[in-house]
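I opened my notebook to look up a few things in this structure. I wanted to write each one down as I went.

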Amino acid sequence: LRTPAYPKDTKAPICPCFGLTTDDIELDLTEGAPTRTRAAIKRAQSDEADCAHRNISGHSCAAEVQRYYIRRQI
């Protein structure tokens, strides 16, 4: 790896294509509106995502972002 990767480095972007971090998701939770989270999920499902090359799993980060948001919401 050339850059830090989530989840090994929790400060690394959870969505490497668009730079969404867990801190961004925490802000959404604090503000009570999943603005950043929804935008990242929508972008991750679009053609502009490059998950195969940027995400260490090679898959979309959408599921991981949703999982993190829901887990922290409880």
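Entry 1: I looked up the largest pocket first. It holds about 370 Å³ of space. The model is predicted, so I note these values as computed ones. I then asked which residues lie closest to the centre of the largest pocket. They are Ala-5, Pro-16, Arg-54, Asn-55 and Ile-56, out of 19 residues that line it. I sorted the lining by class as well. Ten of its residues are nonpolar, six are polar and three are charged.

**Entry 2: a peptide bond.** Next I checked the bond from Tyr-6 to Pro-7. Is it cis or trans? I found it cis, with omega near 10°. Most peptide bonds are trans. I also looked up where Pro-7 sits. Pro-7 belongs to the segment before helix H1, which covers residues 22–31.

**Entry 3: two helices.** I turned to helix H2 (residues 35–44) and helix H4 (residues 62–73). Their axes are 9 Å apart, and the two pack at an angle of about 160°. Angles over 145 degrees count as roughly antiparallel, so H2 is roughly antiparallel to H4. I noted the handedness too: the crossing of H2 past H4 is left-handed.

**Entry 4: who meets whom.** Which residues of H2 meet H4? I listed Thr-37, Ile-41 and Ala-44 on the H2 side. On the H4 side I listed Ala-62, Val-65, Gln-66 and Tyr-69. By class, this contact has five nonpolar and two polar residues, and no charged ones.

Terms used: Residues are numbered from 1 along each chain as its sequence is written. This is a predicted model: local features need pLDDT of at least 70, side-chain atom pairs count only at pLDDT 80 or more; totals for chains, interfaces and linings use all residues. Side-chain values use heavy atoms; hydrogens and water are left out. Axes are lines fitted to C-alpha atoms, for helices over the stretch in contact, and angles run from 0 to 180 degrees between N-to-C directions. Helices (H or I, at least four residues) and strands (E, at least two) are DSSP runs, numbered from the N terminus. Angles under 35 degrees count as roughly parallel, over 145 as roughly antiparallel, 65 to 115 as roughly perpendicular and the rest as oblique. A crossing is left-handed if the near helix is turned anticlockwise from the far one by less than a right angle, and right-handed if clockwise. Contact means heavy atoms within 4.5 Å. Ala, Val, Leu, Ile, Met, Phe, Trp, Tyr, Cys and Pro count as nonpolar, Asp, Glu, Lys and Arg as charged, and the others, Gly among them, as polar. On a 1 Å grid over the protein atoms alone, a cavity is a set of points where a 1.4 Å probe fits but cannot get out, and a pocket is an open set with protein on both sides within 12 Å along at least five of seven lines; lining residues have an atom within 4 Å of a point. Grid points are joined across faces, edges and corners, and a volume is the space filled by probe spheres set on the points.
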